[in-house]
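Hi,

Here is the structure I promised to pass on. Have a look at it first, and my notes on what turned up follow right below.

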Amino acid sequence: MPTNSAIASTPKKEQLSPVAQAIALFADNAQHFTKSETALANFIAAHFDEFMHMTILDLATATELSEITISRFCKKLGLAGVHALKISLAYLRPHEPNQSPVLAATPQATNASPAALLGAQLGAKQRAFEPEDSTEHICSEVFATISAGLQQTLQLIDYAQIDRAAQLIKPGARLLFFGYGNSAVVCHDLGTRLARFGLSCEIISDLHQQITVASVCGPETVILVVSYSGSSLHLDEVLRLARARGAKVILFTSYPNSAVAQQADVVLIGVCPELNNNTEAATSRLIYMAIADVLYYRLTLLYGEHYQDNLKAMRAALALLKS
């Protein structure tokens with residue numbers, strides 16, 4: 001049996017800070033961390049905004065740890081590397097009831113999406129307008145919000161998911177676009193553009209019609225869904241019907257843990273901070289359109305010759321409408 005002096009001389013295991021402990025990904029793996037890995041988790045939690053803009057070399061320099069240690073830390077979390085860690089942190093909620101000060105930086109944080117929380121942490125604060133605000137002020141705030149959302153989405157965008165979405169949209173596929181309200185605007189924009197590939201594109205914002213086509217679709221069908229919250233009534237049930245018949249689902253959203261996201265084969269996340277005066281998630285429309293542009297350009301390269309032939313035919317046909 002060890003003596004009291006032996007116990008006293010035993011080095012105390014490095015502990016996660018309260019902020020790091022509130023991040024589930026760290027807390028759930030803490031018992032397997034080395035002293036250096038625990039210090040790394042504490043650094044990331046304490047310097048969350050800086051970390052989201054760091055390369056692995058930046059992180060190694062800031063923490064005085066080797067790149068090998070950082071890579072080993074990411075692999076211990078089941079992740080490929082630092083980039084994957086950044087993306088994963090956007091998917092997580094802090095443990096209850098001790099929420100992390102990092103992740104609880106926005107109003108109503110317990111009900112916000114992880115992506116929205118991250119957006120707020122990186123500087124896209126909720127803004128509210130007053131009757132006395134000038135047009136100059138409103139213009140500045142609106143543009144700043146959109147810019148912040150675009151930059152934060154760029155930091156977190158999952159390139160592999162975009163590539164996977166592009167692979168699903170094959171020549172001859174039948175494309176269905178499901179969305180309501182502002183989401184339907186994104187569907188219409190993307191559907192109009194993808195028609196240039198000679199694809200069959202149907203934009204449907206009526207629930208009954210969505211159920212109808214979902215119940216009779218087949219493996220050649222790809223459904224592109226735009227849903228900011230992922231909680232639209234019955235939409236997850238509609239997608240379940242379609243998936244049972246072999247259809248694939250690509251989702252644009254800010255809520256990766258939503259019921260609709262659980263039915264998607266590919267989930268494309270947009271960090272969409274919103275103005276307090278805006279209840280229609282207008283910023284998300286522009287963020288999703290930017291992601292859609294990336295997907296579109298990926299497809300133009302994937303099916304280059306076929307696309308160029310269609311583009312020439314389209315321009316020749318449209319020329320007949322010009323005076």
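L176 sits opposite I223 in strand 3, and that pair belongs to a parallel arrangement in which five bridges join strand 1 to strand 3. Strands here are DSSP runs of E with at least two residues, helices are runs of H or I with at least four residues, and both are numbered from the N terminus. Two strands pair if DSSP finds at least two bridges between them.

Before I go on, the ground rules: this is a predicted model, where local features need pLDDT of at least 70 and side-chain atom pairs count only at pLDDT 80 or more, while totals for chains, interfaces and linings use all residues. Residues are numbered from 1 along each chain as its sequence is written, and side-chain values use heavy atoms, with hydrogens and water left out.

Back to the sheet. Strand 3 also runs parallel to strand 4 (residues 248–253), again with five bridges joining the two; L224 has I250 as its bridge partner there. Between strand 3 and strand 4 the chain passes through helix 14, and this β-α-β crossover is right-handed (with the strands pointing away from the viewer, the path from the first strand over the helix to the second runs clockwise).

How many of the six residues of strand 3 (residues 221–226) are buried? Six of the six, so the strand is largely enclosed by the rest of the structure. T221, I223 and V225 point one way, V222, L224 and V226 the other way, and all are buried. Buried means under 20% relative accessible area, exposed over 50%, and partly exposed in between, with a 1.4 Å probe and protein chains only.

Now the charged pairs. I count a salt bridge when a side-chain nitrogen of Lys or Arg is within 4 Å of a carboxyl oxygen of Asp or Glu, and that rule gives five of them.

- K76 with E37: the closest N and O atoms are 2.8 Å apart. K76 is in helix 7 (residues 67–76) and E37 in helix 4 (residues 35–46), so the bridge ties together parts 39 residues apart in sequence. E37 is buried at 2% relative accessible area, whereas K76 is partly exposed at 30%.
- E202 with R174: N to O is 2.7 Å. This one links strand 2 (residues 200–204), where E202 lies, to strand 1 (residues 174–178), which holds R174, so it ties together parts 28 residues apart in sequence. E202 is partly exposed, at 25%.
- D236 with R240: N to O is 3.9 Å. Both are in helix 14 (residues 235–244), four residues apart and separated by about one helical turn. D236 is buried at 16% relative accessibility, and R240 is partly exposed at 42%.

Cheers
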